Amino acid sequence: MIFISKYLVPKGYTGLTVFPFVFLKNSRFKTDYILINHEKIHLRQQLEMLVIPFYLAYILEFLFRLIQYRNWNLAYRNISFEREAYANELNLDYLKQRLFWEFLKYLRANDF
């Protein structure tokens, strides 16, 4: 389900996924298939990690990356979940071929 909320989506971001919902900052993003695909990748990640453990892992990895890079944007972009989503958002068939827990291969991938 996609909802529009300029207040729930943090400043500087266009979308936010909180299983089972996708929140977009503006209704014009509903037709941005790349953004929607990016958020659907997050939905799959959340589902396969049983939702709550996903958020714990996301926050812990973000904090680790923040210490590592000392830069909010670099830390965010280098979270394995985000790396997977950004690397595959252009492939609209990605979720059809994606392997279970595919984000794990992005834990040690090269930095953005």
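Predicted model: local features only at pLDDT ≥ 70, side-chain atom pairs only at ≥ 80, totals over all residues.
Glu82 itself sits in helix H4, which covers residues 80-88. Although Glu82 is buried, it goes without a salt bridge. The nearest side chain of opposite charge belongs to Arg77, and that is 7.0 Å away. Arg77 still turns up among the contacts of Glu82, though, along with His38, His42, Tyr58 and Tyr76, once neighbours within four places in sequence are set aside.

Two of those contacts, His38 and His42, lead over to helix H1, which spans residues 33-48. Helix H1 lies across strands E1, E2 and E3, and runs at about 25° to E2.

As for the sheet itself, it is open, built from three strands in the order E1-E3-E2, with mixed pairing. Strands E1 (2-4) and E2 (15-18) take the edges; each has a single partner strand, so one side of each is left without a neighbour in the sheet. On average, neighbouring strands here are turned by 25° against each other, direction ignored. Strand E3, made up of residues 21-24, runs parallel to E1, and three bridges join the two. Across this pairing, Ile2 stands opposite Val22 of E3.

Key. Residues numbered from 1 in each chain as written. Heavy atoms only, no water. Pairing = 2+ DSSP bridges. Helix = DSSP H or I, 4+ residues; strand = E, 2+ residues; numbered from the N terminus. Axes fitted to C-alpha atoms, helices over the stretch in contact; angles between N-to-C directions. Contact = heavy atoms within 4.5 Å. Buried < 20%, exposed > 50% of the residue type's maximum accessible area, 1.4 Å probe, protein only. Lys, Arg positive; Asp, Glu negative; His and termini not counted. Salt bridge = Lys/Arg side-chain N within 4 Å of Asp/Glu carboxyl O.
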